Every structure is written in structure tokens, then in C-alpha cells.
Amino acid sequence: MAELKNYKIADADFAQKDITSIEENVVSGQADWLKKQFDKASKEVIAPRLNGLIDQLESEQAADNLGAEALAPDGAQTVGGQLRYLNEQLKKAVVGQIPDASITQDKLSEQFQAVLAAKLSGDFSNATGTLAVANGGTGATAAAAARQNLGAAPSGYGIGENLGRGAENGSIEMLTGHNDWDWAAPGGFYSANNAANAPATGWFVGVTMALDSNYYAQIVSSVSTHDLYYRVRTDGVFLPWKKIITSALMTYGTDEPPASGTPGSIYFKIVG
């Protein structure tokens with residue numbers, strides 16, 4: 001297919017076909033020839049080029065000969081190339097294959113921009129790649145650390161109050177990753193064997209009753225001796241354990257407790 005520029009008319013195309021190129025000594029007595037010479041430029045130069053140009057513009061390939069600025073880097077610089085590019089982009093959009101960076105903020109509605117800004121307003125700058133509890137995450141990458149963080153979450157986050165209740169038999173180590181009564185996070189039942197910061201060695205079961213993460217009380221009982229211990233955490237500091245009941249002061253039986261027993265003693269009636 002010929003290029004459109006081939007239909008441009010140059011001065012050389014009028015050689016021997018225009019009036020000005022006729023020599024004076026050949027005009028006399030040649031009226032018919034002179035008439036034809038008047039029409040020659042338009043009929044033999046202008047008309048063929050113009051008609052050929054129109055035919056090319058009406059053809060199916062005309063768009064490939066019309067220049068245009070590329071829509072994409074290194075893209076086609078013809079109208080036909082642009083149309084094919086746009087057609088491919090529309091096909092990708094229909095199936096959800098939107099090119100990277102093609103949707104800018106200016107193309108979004110003001111309402112959607114406001115919603116997006118609100119969603120991105122949280123602090124996601126944690127260098128470890130974790131999301132803080134306050135932002136809805138666990139603040140950790142390991143399961144044990146995550147359980148510890150969630151168990152110590154402040155009041156109002158809907159987590160932590162009952163984290164230790166029942167799960168894995170209430171084992172401190174399973175719940176917090178530490179075999180240490182200092183890690184029995186506020187709110188829950190716990191158990192541990194030879195744990196750090198226990199009143200004594202051996203198995204203990206207990207409960208933590210919390211006001212918040214800095215003020216709470218713990219009551220634990222020795223599985224082997226049945227001694228009962230109590231301590232509090234105030235302003236983030238644990239006070240020493242106090243033994244409040246010993247097995248010597250506990251009396252078990254199927255009878256009703258006496259009307260007047262030994263001062264300091266606790267009586268348990270076994271039923272069933």
C-alpha cells in the first residue's frame with residue numbers, strides 16, 4: 001500500500017505540463033495544443049494525485065498511514081496503531097487486567113478518595129512488619145508472642161480478659177510462651193509446674209483478676225500441698241506472695257461443718 005506522502009505534488013511534476021513552461025516560439029498557430037496545455041496540469045497531475053489520496057483515505061488500511069502521537073512508551077505512532085492499543089486495553093479492563101499506574105487518584109471519586117484515606121490513616125510503620133494490637137493485629141510474628149500480646153491487651157479491645165480460660169489446660173507456657181507467673185496476663189485461669197516467680201516449687205493452679213494491666217491480683221493453690229497463696233500487682237510492680245491458707249487448716253468430710261470450729265480453719269463438705 002502506498003504511503004500518503006507519495007501523493008504530494010512537487011514542482012517537478014508540472015514540468016512540460018504547465019503554461020509557464022511553454023516557449024514563446026511554439027504558441028503561434030497551435031490553438032488546440034495550447035488549450036490542452038492549459039488543462040494538462042490539472043488533469044495529469046492534480047486530479048490523479050487527489051483521487052488517489054481519496055481512495056487511500058477510504059481504504060481499510062488508511063488509519064495505518066495517518067500519524068499520531070504514541071499513547072504508550074515505544075507505542076505505535078499511527079491512528080491505526082493507537083486504535084489497536086486502545087482495543088487491547090479495553091479487553092484487559094473487561095477481565096480485570098488493569099495496567100499498573102493507569103488508575104491515578106485524580107480518576108477516583110471524592111467519596112472513594114475519602115474512604116481510601118481513612119483506611120490508610122493507621123500507623124503501619126512497625127519495622128518488624130507486624131501490626132500493633134491497637135491497630136487490630138497481634139504485634140508479633142511468633143504464636144507464643146502473639147498470645148502474650150493479646151492476653152495483655154488493654155481493656156476495650158475485646159481480647160485478653162478470658163484468654164487463659166480453658167485453653168491448653170490454662171498452661172502459662174502454652175498461653176504466653178513463658179513458664180513464669182509474672183506472665184500470667186490479666187484475666188484468666190492458669191497452671192504451671194516449677195514456674196518462675198511461683199510461691200514454691202511444684203504444680204500450681206491459679207487465677208488472675210485484673211483491674212488493668214498494671215493493677216491485678218493473683219490467687220494460686222499448690223496441687224500437692226493445697227496451700228493457698230495470694231499476691232497483687234500495683235502500679236506495675238508485684239508484691240511478695242502471702243500464704244493465706246495451709247492444708248493444716250483445711251478439713252474435709254461428708255458432715256456438715258461444725259457450728260463453731262477452730263479459728264482460721266476452712267471446712268469443705270464432700271458431696272456425692
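Reply: Buried here is under 20% relative accessible area, exposed is over 50%, and partly exposed is in between (1.4 Å probe, protein chains only). Bear in mind this is a predicted model, where local features need pLDDT of at least 70 and side-chain atom pairs count only at pLDDT 80 or more, while totals for chains, interfaces and linings use all residues. Residues are numbered from 1 along each chain as its sequence is written, and side-chain values use heavy atoms, with hydrogens and water left out.

Me: OK, which residue does Asp182 form a salt bridge with?

Reply: Arg231, and the closest N and O atoms are 2.8 Å apart. A salt bridge means a side-chain nitrogen of Lys or Arg within 4 Å of a carboxyl oxygen of Asp or Glu. The pair links distant parts of the chain, 49 residues apart: Arg231 is in strand E4 (residues 228-234), and Asp182 is in the loop between helix H5 (172-176) and strand E1 (188-193). Those labels are DSSP runs numbered from the N terminus, with helices (H or I) of at least four residues and strands (E) of at least two.

Me: And is Arg231 buried or exposed?

Reply: Buried, at 5% relative accessibility.

Me: How many salt bridges does the structure hold?

Reply: Two. Asp227 and Lys243 also meet in one, at 3.8 Å from N to O. Here Asp227 sits in the loop between E3 and E4, and Lys243 in strand E6 (residues 242-245), 16 residues apart. Asp227 is buried at 10%, whereas Lys243 is partly exposed at 46%.

Me: Switching to strands. What does E3 pair with?

Reply: E2 (residues 203-210) joins E3 through seven bridges, and E3 joins E4 through six. Both pairings run antiparallel. Strands count as paired if DSSP finds at least two bridges between them. Gly206 has Val220 in E3 as its bridge partner, and Ile219 has Tyr230 in E4.

Me: What's in the hairpin of E3 and E4?

Reply: Five residues lie between the strands, and His226 takes a positive phi near 70°.

Me: How covered is E3?

Reply: Mostly: six of its seven residues are buried. Ser221 lies in this strand (residues 216-222) and counts as buried because its relative accessible area is 19%.

Me: Which residues does Ser221 touch?

Reply: Leaving out residues up to four places away in sequence, Ser221 touches Trp203, Phe204, Val205, His226, Asp227 and Leu228. Contact means heavy atoms within 4.5 Å.
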